[in-house]
Amino acid sequence: MEVTNVKEYQAIAKEKLPKMVYDYYASGAEDQWTLEENQNAFARILFRPRILIDVSKIDMTTTILGFKISMPIMIAPTAMQKMAHPEGEYATARAASAAGTIMTLSSWATSSVEEVASTGPGIRFFQLYVYKDRNVVAQLVRRAERAGFKAIALTVDTPRLGRREADIKNRFTLPPFLTLKNFEGLDLGKMDEANDSGLASYVAGQIDRTLSWKDVKWLQTITSMPILVKGVITAEDTRLAIQAGAAGIIVSNHGARQLDYVPATIMALEEVVKAAQRRVPVFLDGGVRRGTDVFKALALGASGIFIGRPVVFSLAAEGEVGVKKVLQMLRDEFELTMALSGCTSLKQITRNHIVTEWDTPRARPAPRL
Ligand code: FNR
């Protein structure tokens with residue numbers, strides 16, 4: 001049957017993938033309250049569309065950190081994409097490039113920065129996990145820069161891995177025919193089997209729990225790439241990130257895979273946008289499945305959004321074609337939302353185009369005296 005929206009790919013992926021892989025992609029942490037909330041919260045934001053505006057031409061282009069892209073819809077880093085499809089990150093890179101948008105490559109990709117660069121031109125960011133061994137980090141950042149990556153997305157919400165119970169039950173580990181390609185030469189490309197989640201053990205062994213704001217400054221001494229801090233959900237941390245030299249902020253709860261019972265990212269967005277005071281761009285990921293979600297995020301002040309699971313699910317279903325389709329469907333839906341809201345460019349999307357639960361009630365009938 002024809003796929004007509006992004007969400008439909010999840011069921012197809014579930015049918016196609018081994019249980020261990022599907023569960024790893026789909027799961028959130030613990031009760032998975034935030035996992036549901038990431039999508040549900042979008043449904044509580046409603047539109048205030050404007051009418052009788054000429055919407056015969058719609059411009060969705062935007063500029064992110066100086067790079068012009070075709071739409072404010074980008075690809076979040078998701079680890080180990082070759083578990084979804086043999087082409088893995090190659091397919092994602094090609095699909096992003098064809099759509100004229102940005103792909104973020106995970107540190108834990110099953111293809112290296114050099115391999116992804118070899119797929120052809122494209123604007124790409126590199127997501128960084130900071131290992132205890134800082135030589136490893138410095139080498140990797142240098143390789144990403146040399147391979148033409150344009151920015152670092154520094155993930156800051158993962159000093160330890162969130163408790164993903166399906167991974168524990170399945171004893172999740174990277175299949176033996178795959179490696180974390182960026183770390184292959186460093187003897188860190190394999191994941192041992194463990195009595196619980198193999199990934200959780202890997203993180204406990206390798207990832208630096210001492211990571212702090214001073215390391216954001218340190219990172220700037222080893223690279224000239226701009227740094228996006230990924231995983232901010234409060235005003236306090238927004239201010240600290242800007243002080244520490246961040247070039248942008250990604251409001252993210254890691255797709256609800258880290259701390260459960262944090263708010264949906266769309267609920268945290270406005271607080272971060274206000275604290276950022278337009279000094280740096282603010283982006284959002286988490287639960288974006290419709291063009292209407294993209295519009296809502298932009299109306300609340302985001303400069304763009306990133307998608308995670310829709311990429312791995314469509315990759316599992318149809319490889320590069322699937323990822324292309326996901327990007328195209330979101331693009332078409334977003335364009336339609338703009339047209340039906342009376343907006344012909346991203347600049348025209350305003351806070352007045354939506355109404356949230358936390359807005360003061362408008363136009364309530366005056367009580368009769
Ligand atoms: C992720 N995410 C993630 N983030 C990161 O910084 N580095 C990584 O390697 C990964 N890997 C990863 C794997 C899988 C399977 C998922 C689902 C997520 C988090 C990701 O970048 C993003 O924050 C969320 O996926 C966004 O939420 P949605 O779009 O999946 O709802």
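Predicted model: local features only at pLDDT ≥ 70, side-chain atom pairs only at ≥ 80, totals over all residues.
For my class counts, Ala, Val, Leu, Ile, Met, Phe, Trp, Tyr, Cys and Pro go down as nonpolar, Asp, Glu, Lys and Arg as charged, and the others, Gly among them, as polar.

**Entry 1**

I get a volume of about 480 Å³ for the second largest pocket. Its lining runs to 22 residues, and Val273, Arg278, Gly301, Ala302 and Ser303 are the closest to its centre. Next I checked which elements give two or more residues to this lining: they are strand S2 (62–64), helix H11 (265–276), strand S10 (282–285) and helix H12 (291–299). Which element gives the most to the lining of the second largest pocket? I find H11 on top, with four residues.

**Entry 2: the largest pocket**

I moved on to the largest pocket and wrote down a volume of about 680 Å³. I have 37 residues lining the largest pocket, with Val156, Asp157, Thr158, Pro159 and Gly231 nearest its centre. Strand S7 (151–155), helix H9 (213–222) and strand S8 (227–232) are the elements that give two or more residues to that lining. H9 gives the most, namely five residues. Sorted by class, the lining of the largest pocket holds 17 nonpolar, 10 polar and 10 charged residues.

**Entry 3: the ligand**

Where does the ligand sit? I looked it up, and the ligand is in the largest cavity. I see 22 residues surrounding the ligand, and the closest are Pro77, Ser106, Thr155, Asp285 and Arg289. The shell around the ligand splits into seven nonpolar, 10 polar and five charged residues.

Then I went through some polar contacts. Ser106, already on my list of the closest residues, has a side-chain N or O atom 2.7 Å from an oxygen atom of the ligand. For His254, I find a polar side-chain atom 3.4 Å from a nitrogen atom of the ligand. Gly308 uses its backbone instead: an N or O atom there lies 2.9 Å from an oxygen atom of the ligand.

How much of the ligand's area does the protein bury? On its own the ligand exposes 600 Å², and the protein buries 99% of that.

Definitions and conventions. Residues numbered from 1 in each chain as written. Heavy atoms only, no water. Near = heavy atom within 4 Å. Polar contact = N/O pair within 3.5 Å; in protein donor to acceptor, adjacent residues only side chain to side chain. Areas by Shrake-Rupley, 256 points an atom, 1.4 Å probe, with all protein chains shown as cover. 1 Å grid on protein atoms, 1.4 Å probe; cavity = no way out; pocket = protein on both sides within 12 Å on 5 of 7 lines; lining within 4 Å. Sits in = over half its atoms within 2 Å of the grid points. Points joined across faces, edges and corners; volume = space filled by probe spheres on them.
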